[in-house]
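Here's a quick tour of one structure, written for someone who likes to know the cut-offs behind the words. Have a look at the model first, then read on.

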Amino acid sequence: MTLLRTVTGSHLSIECRTCNHSVLKSVEEFLQKVPNDMTVARVKRAARCSMCGRKTVEVRIVYVGNSAMAIPAGTPSKPKDN
């Protein structure tokens, strides 16, 4: 269970599987409108497409930043060939 407040530097991608409408919103924007203990799972259960009104949405956390921040220093991204 991922609390929104733990991923404040990220965005949420919300995509409707019915009409393919999508929106990308910052987590900080969500936190201005929802309780502090809101989870990504609760966002998914409550989300509704603003175009077609259906609840057939997928919600994903989208990391925002550079790869140096995402991958700890010294961690190889793939094994080196010899």
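Helices here are DSSP runs of H or I with at least four residues, strands are runs of E with at least two, and both are numbered from the N terminus. This is a predicted model, where local features need pLDDT of at least 70, side-chain atom pairs count only at pLDDT 80 or more, and totals for chains, interfaces and linings use all residues. Residues are numbered from 1 along each chain as its sequence is written, and side-chain values use heavy atoms, with hydrogens and water left out.

**A loop residue**

Let's start with Thr-39, which sits in the loop between α1 (27-31) and α2. Is Thr-39 buried or exposed? Thr-39 counts as buried because its relative accessibility is 3%; the cut-offs are under 20% relative accessible area for buried, over 50% for exposed and partly exposed in between, with a 1.4 Å probe and protein chains only. Setting aside neighbours within four places in sequence, Thr-39 touches Met-1, Thr-2, Leu-3 and Leu-4, where contact means heavy atoms within 4.5 Å.

**The sheet**

Next up is an open sheet of 3 strands, in the order β2-β1-β3 with antiparallel pairing. The edges are β2 (22-26) and β3 (57-62), each pairing on one side only. From one strand to the next, the twist averages 20°, with axes taken as lines fitted to C-alpha atoms and angles running from 0 to 180 degrees between N-to-C directions. Two strands count as paired if DSSP finds at least two bridges between them.

| Strand pair | Bridges | Facing residues |
|---|---|---|
| β1 and β2 | 5 bridges | Leu-12 and Lys-25 |
| β1 and β3 | 6 bridges | Ile-14 and Val-59 |

β1 (residues 11-16) and β2 also make a hairpin, with 5 residues between them and a positive phi of about 70° at Asn-20 in the turn.

**The largest pocket**

The largest pocket holds about 230 Å³ of space. A pocket is an open set of points on a 1 Å grid over the protein atoms alone, where a 1.4 Å probe fits, with protein on both sides within 12 Å along at least five of seven lines; lining residues have an atom within 4 Å of a point. Of the 16 lining residues, Ile-14, Val-23, Phe-30, Ala-47 and Arg-48 are the closest to the centre. β1, β2 and α2 (40-46) each supply at least two residues of the lining, and β1 gives the largest share, 3 residues.

Definitions and conventions: Grid points are joined across faces, edges and corners, and a volume is the space filled by probe spheres set on the points.
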